[in-house]
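Dear colleague,

Please find the structure below, together with its sequence.

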Amino acid sequence: MMRDHSNDEVLGCIRLNSIDKRAPIAEIGYELGSQHWNKGFMTKALIAVTEHSHHQMSLYRLEAWTVTGNPASNRVLEKAGFS
């Protein structure tokens, strides 16, 4: 769950799905309330979760997919270093 620390408002969520520690890979997914779009919240959260996944969880690969017609989500992934 992503919250605004100043007022505890829920902004959205970010999570790891299908974690396979043997491979070691996982899928990452996220949602953000539309009133919080284009403010950099998700990019910042995605970078933090990606770093945690690699350094603390020793995951080698994170995979993500986006819904067709959502170029903003593609840009979030690119800004966070996904290809």
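Predicted model: local features only at pLDDT ≥ 70, side-chain atom pairs only at ≥ 80, totals over all residues.

Helix H2 spans residues 71–79, and its buried residues are Ser73, Val76 and Leu77. Viewed down the axis of H2, these buried residues fall within an arc of 95°, so they line one face of the helix. An α-helix has 3.6 residues a turn, so residues three or four places apart point the same way. Glu78 and Lys79, on the other side of H2, are exposed. After H2 comes Gly81, with a positive phi near 95°.

The loops also call for comment. Most residues other than glycine have a negative phi, and most peptide bonds are trans.

- Between strand S2 (10–20) and S3, the loop contains Pro24. The peptide bond that leads from Ala23 to Pro24 is cis, and its omega is near -20°.
- The loop between S3 and H1 holds Asn38. Although Asn38 is not a glycine, its phi is positive, at about 65°. Asn38 counts as exposed because its relative accessibility is 75%, and the cut-off for exposed is over 50%.
- Ser58 is found in the loop between H1 and strand S4 (61–63). Ser58, a residue other than glycine, has a positive phi near 55°. With a relative accessible area of 52%, Ser58 is exposed.

Yours sincerely

Note on methods
Residues numbered from 1 in each chain as written. Heavy atoms only, no water. Buried < 20%, exposed > 50% of the residue type's maximum accessible area, 1.4 Å probe, protein only. Helix = DSSP H or I, 4+ residues; strand = E, 2+ residues; numbered from the N terminus. Arc of directions from axis to C-beta.
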